Amino acid sequence: MPLNFLAFLRLEKRRLTCRYYGIPYYVIEFEETAMPIEIRKTLLQVETTLIEGGKTTPVPLKLYSAIAVVKNPWAGAGYVENLKPEIHAAAPVLGELLTKMIIEAVGSGEAVEAYGKSAIVGLDGEVEHASALIHTLRFGNHYRQAVGAKSYLAFCNTRGPANAPLMIPLMDKNDEGRRSHYLTIQTSVPDAPAANEIVVALGASVGGRPHHRIGDRYQDLKDLGQDVANPAGV
């Protein structure tokens, strides 16, 4: 399968099937009580850096992004105080789908070194809507457990029109002070988000920044005489 592809999704009772040229690729089961999220399309992207600063990289850096374009479940409803029903229904489905896309592309959860998440809500929605779908353990724990991570998921949540920049900040999955893995995936979906949609994404890296040479947070803390457990010194 090509690493850059658009997948078509078919929603049936209690089952979400992602098909590639008619062949089932991902099948995700969800609870009987869940209201299915409407997924218009998905996109998987892989970026490989071979040369940085005019110098060949010792090991190519690979950046992966798995993206879903979904209908905003609160679109047209005005201000909604309680977002939990839609969060509980949609977030697990999206978390499982995007995690499977990343793991399939990378080859294993163990191979993922840095990870992150992002969402863009369309112009008719609130930034809170974008945040709602990714800032819940029902979304993030699928990814965290699949890659065996200890660090929190770096994140970005914004509002914008179709083709708005999708920024996915990454951080080492086990070491928050490892600066070589402070990375950002930059991409966009030309026709999304529509005003009533949300773009939801997960990102991953295999490798860190090529030619990393700025040290890490631990040396800074040592130089400043501050405790690793209290980096702000407060």
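**Helix packing in a predicted model**

Author: In this predicted model, the buried residues of helix 3 are Phe-139, Gly-140, Tyr-143, Arg-144 and Val-147.

Reader: Within what arc do the buried residues of helix 3 fall, seen down its axis?

Author: Leu-137 and Gln-145 are exposed on the other side of helix 3. The buried residues line one face of the helix, because the arc within which they fall, viewed down the axis, is 110°.

Reader: Are helix 1 and helix 3 roughly parallel or roughly antiparallel?

Author: The axes of helix 1 (residues 84-106) and helix 3 (residues 137-147) come within 7 Å and cross at roughly 25°. Helix 1 passes helix 3 in a right-handed crossing. Angles under 35 degrees count as roughly parallel. Helix 1 and helix 3 are therefore roughly parallel.

Reader: How many of the 8 residues of helix 2 are buried?

Author: Strand 5, helix 1, strand 6, helix 3, strand 7 and strand 10 are among the elements covering the buried residues of helix 2. Those buried residues are His-129, Ala-130, Ser-131, Ala-132, Leu-133 and Ile-134. Helix 2 (residues 127-134) is largely enclosed by the rest of the structure, because the number of its 8 residues that are buried is 6.

Notes. Residues numbered from 1 in each chain as written. Predicted model: local features only at pLDDT ≥ 70, side-chain atom pairs only at ≥ 80, totals over all residues. Heavy atoms only, no water. Axes fitted to C-alpha atoms, helices over the stretch in contact; angles between N-to-C directions. Helix = DSSP H or I, 4+ residues; strand = E, 2+ residues; numbered from the N terminus. Parallel < 35°, antiparallel > 145°, perpendicular 65-115°, else oblique. Left-handed = near helix turned anticlockwise from the far one by under 90°. Buried < 20%, exposed > 50% of the residue type's maximum accessible area, 1.4 Å probe, protein only. Contact = heavy atoms within 4.5 Å. Arc of directions from axis to C-beta.
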